[in-house]
Amino acid sequence: MSSITIALSKGRIFEETLPLLAAAGIEPTDDPETSRKLIIGTNRPDVRLVIVRATDTPTYVQYGAADLGIAGKDVLIEHGGVGLYQPLDLKIARCRMCVATPAGFDYEEAVRPGGRIRVATKYIETARRHFAEKGVHVDLIKLYGSMELAPLVGLADAIVDLVSSGGTLKANNLVAVEEIMPISSRLIVNQASLKTKREKIQPVLEAFEGVVK
Ligand code: ATP
Ligand code: MG
């Protein structure tokens with residue numbers, strides 16, 4: 001009998017996925033926030049969860065180390081989606097991908113056609129595409145966190161980052177000057193698993209679909 005492995009990240013994705021798993025009759029036997037286990041069992045002997053860093057989820061599913069996973073659209077764009085089937089927008093972990101600048105910065109002037117801007121971000125691919133579409137030259141600086149600091153200390157003119165409440169921007173005197181796209185998390189499936197384990201995967205997909213609708 002085949003079994004399935006689902007890759008999830010700790011924090012908001014895990015929490016917001018619990019009701020979806022419950023609808024599919026899947027209940028984790030450990031809490032990843034308190035347990036140090038990276039492989040977590042469930043009430044179903046044929047279903048296990050693996051706890052990975054959010055940005056690593058597509059990689060585990062791409063190579064078939066996990067059959068299913070849940071990943072933000074932000075992460076999927078950076079990964080590229082190779083080897084992944086993305087059947088369902090789960091509408092969880094919602095936020096917005098935005099350009100933000102210091103309150104006094106003349107963004108319109110910087111992004112006029114033929115303009116040039118220095119942008120610090122963890123989302124290099126998203127930022128590259130966005131400014132290419134506008135016909136703006138962009139100097140990209142890769143960061144791994146605390147992007148808000150970059151414009152405050154002269155590392156960049158602007159940042160591309162996720163915004164939900166806007167509280168962190170406000171606390172650092174930054175303003176969201178443009179929304180690039182809305183973000184939510186998607187179910188991702190390994191393309192080979194979908195064929196070889198369809199009888200296990202299809203019911204999970206349908207249960208998730210039922211909750212989302
Ligand atoms: P870490 O916080 O450990 O550095 P991470 O930021 O990649 O890792 P999370 O903060 O759990 O991990 O974010 C996971 C996903 O949730 C992101 O890829 C994004 O799609 C979404 N997300 C991130 N920040 C927010 C937010 N403030 N509100 C809603 N969804 C968010
Ligand atoms: Mg985070």
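The structure is a predicted model, in which local features need pLDDT of at least 70 and side-chain atom pairs count only at pLDDT 80 or more, whereas totals for chains, interfaces and linings use all residues. Residues are numbered from 1 along each chain as its sequence is written, chains are lettered from A and ligands numbered from 1 in the order in which they are written, and side-chain values use heavy atoms, with hydrogens and water left out.

The protein is divided into domain 1 (4–93 + 184–212) and domain 2 (95–182); these bounds come from an automatic or database domain assignment. Taken over C-alpha atoms, the centres of domain 1 and domain 2 are separated by 30 Å. Six residues from domain 1 and 11 residues from domain 2 take part in the contact, where contact means heavy atoms within 4.5 Å.

About 670 Å² is buried between domain 1 and domain 2, and carbon and sulfur atoms give 53% of this area. Buried area is the accessible area (1.4 Å probe) that two parts lose on being put together, summed over both. On the side of domain 1, D74, I77 and E78 lose the most area to domain 2, and together they make up 70% of what that side buries. Four residue pairs, both members at pLDDT 80 or more, are in polar contact between the two domains. A polar contact is a pair of N or O atoms within 3.5 Å; within protein, one must be able to donate a hydrogen and the other to accept it, and residues adjacent in sequence count only if both atoms are side-chain atoms. The count of salt bridges between domain 1 and domain 2 is zero.

A salt bridge is a side-chain nitrogen of Lys or Arg within 4 Å of a carboxyl oxygen of Asp or Glu, and by this rule the count comes to 10. One of them joins D67 and K197, with the closest N and O atoms 3.1 Å apart. This pair links distant parts of the chain, 130 residues apart: D67 lies in the loop between α2 (57–62) and β4 (68–72), and K197 in the loop between α8 (191–196) and α9 (198–212). Helices (H or I, at least four residues) and strands (E, at least two) are DSSP runs, numbered from the N terminus. D67 has a relative accessible area of 4% and is therefore buried, a class that means under 20%, with exposed meaning over 50% and partly exposed in between (1.4 Å probe, protein chains only).

A salt bridge also forms between E125 and R129, whose closest N and O atoms are 3.3 Å apart. The two residues are separated by about one helical turn, because they stand four residues apart in helix α5 (residues 124–134). E125 is partly exposed at 22% relative accessible area, and R129 is partly exposed at 40%. R112 and E109 meet in a further salt bridge (3.5 Å, N to O); R112 is partly exposed at 41%, as is E109 at 43%.

S184 is placed in the loop between β10 (174–183) and β11 (185–190). With 6% relative accessibility, S184 counts as buried. Its side chain makes a polar contact with the side chain of D89 (2.8 Å). Leaving aside neighbours within four places in sequence, the residues in contact with S184 are A71, G72, K73, D89, K91, I92, A93 and R94.
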